[in-house]
Amino acid sequence: MGSVLSLRGIRHRRGGRDVLDLDELDVAAGERLAVLGPNGAGKTTLLRLMAGLEAPTTGTVELDGVRTVHADAEVRRRIGYATQRAGLLSTTVQRNVELPLRWRGAGRAARREAARAALRRLGVEHLAERPAPALSGGEAQRVSLARALALEPRLLLLDEPAAGLDAQARRSFLDDLAGLLADRSISVVHVSHRADEALRLADRVAVLVEGSIRQLAEPPGVLREPADATVARLVGYENVVRGRVAGDGRVLLHGRPCGLTTDRPPGEVTIAAWATAIRLGNPNPGSLEATVDQVAAGPGRWEVVLAGKEALRAHLSLPERPPAPGERCSVALDPELATLLAG
């Protein structure tokens, strides 16, 4: 499939500093692209350039071959944009959702029909006559998304759509959003600083760090083979530590074998391991050992922090007896749940 959205040679400066530096990025028809990055990485700026709300300092952003900046109403109508904050006006839900259609000159009957259809898709049609200020956070986010969808856009831009919602409202909203995005008639770019949201809703993930894309891959590729330590931490690896490859291929952590082997040449290496990769046992001669620093109950698990030069975090299943603080343990890494990074 051809590209719906195309960015080329993007360099963007604001306040005397570089904000974005992207050679190229394409979004295909019906594709869901997640942009994952920490606060300040340039995610919202990237969406604003895609929407044509800002012009890049250099480079081009095109939707179906037409530049989005200063585009006419017909091109702008193909873009739906739901911002991080719902930003609803103090009027009814119905009028809020109709607003972008009114700006684009749609007739009254057409506006009403499109707004109702969009609210129906989000399961909030019953709120149409309710004043927007009376909505809960989750309801307001759904209405904001309905407003973006009312245009029947070719490209939908989502800026942290579940921001500010509590855990239960977030889960419910993301469940509904995942179902909505199964409709492949719309290309979607969704930005988030949360790996669970980005990975769940994406066909591909672009990891954005300091304005540049560090890695662009399908979710399994980013999870199994993060490009570097920064990417590993962003996608959720709880343990990112320095190690060394010995001459026999064993990977050493704190000078002791940690259970990993590799065919890489000897030298320094970074180990990324999920907390579930940490296996604890009784100390034995020659094993990697650590002292338990903290033990706490977590959601469906025990969370154990091991003291050392670089603290390790382990997750144990609840049926297991966790070690006590101060207890000495052997430590090994499950090779199925750990990976080696360059350098």
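Hi everyone, let's begin in the middle of the protein: the largest nonpolar core has 33 residues, and Val-97, Leu-119, Leu-145, Leu-149, Leu-156 and Leu-177 touch the most other members. By nonpolar core I mean a set of buried Ala, Val, Leu, Ile, Met, Phe, Trp, Tyr and Cys residues joined through side-chain atoms within 4.5 Å. Buried is under 20% relative accessible area, exposed is over 50%, and partly exposed is in between, with a 1.4 Å probe and protein chains only.

Which elements give two or more residues to this core? They are helix H3 (93-103), helix H4 (108-121), helix H5 (137-149), strand E7 (155-159) and helix H6 (167-180). H5 gives the most, six residues. Helices (H or I, at least four residues) and strands (E, at least two) are DSSP runs, numbered from the N terminus.

A quick word on the source: this is a predicted model, where local features need pLDDT of at least 70, side-chain atom pairs count only at pLDDT 80 or more, and totals for chains, interfaces and linings use all residues. Residues are numbered from 1 along each chain as its sequence is written, and side-chain values use heavy atoms, with hydrogens and water left out.

Now please find H3. Eight of its eleven residues are buried, so H3 is largely enclosed by the rest of the structure. Those buried residues are Val-93, Gln-94, Asn-96, Val-97, Glu-98, Leu-99, Pro-100 and Leu-101, and they pack against H4 and H5.

Let's take H5 as the partner. H3 and H5 pack at an angle of about 35°, with axes 7 Å apart; axes are lines fitted to C-alpha atoms, for helices over the stretch in contact, and angles run from 0 to 180 degrees between N-to-C directions. Val-93, Asn-96, Val-97 and Pro-100 of H3 meet Val-143, Ala-146 and Arg-147 of H5, where contact means heavy atoms within 4.5 Å.

On to H4. The axes of H3 and H4 cross at roughly 120° and come within 9 Å. H3 and H4 are therefore oblique to each other; under 35 degrees would count as roughly parallel, over 145 as roughly antiparallel, 65 to 115 as roughly perpendicular, and the rest as oblique. On the H3 side, the contact includes Val-93, Gln-94 and Val-97, and on the H4 side Arg-111, Ala-115 and Leu-119 are among the residues.

One last stop: after H3 comes Gly-105, with a positive phi near 85°. Thanks, everyone!
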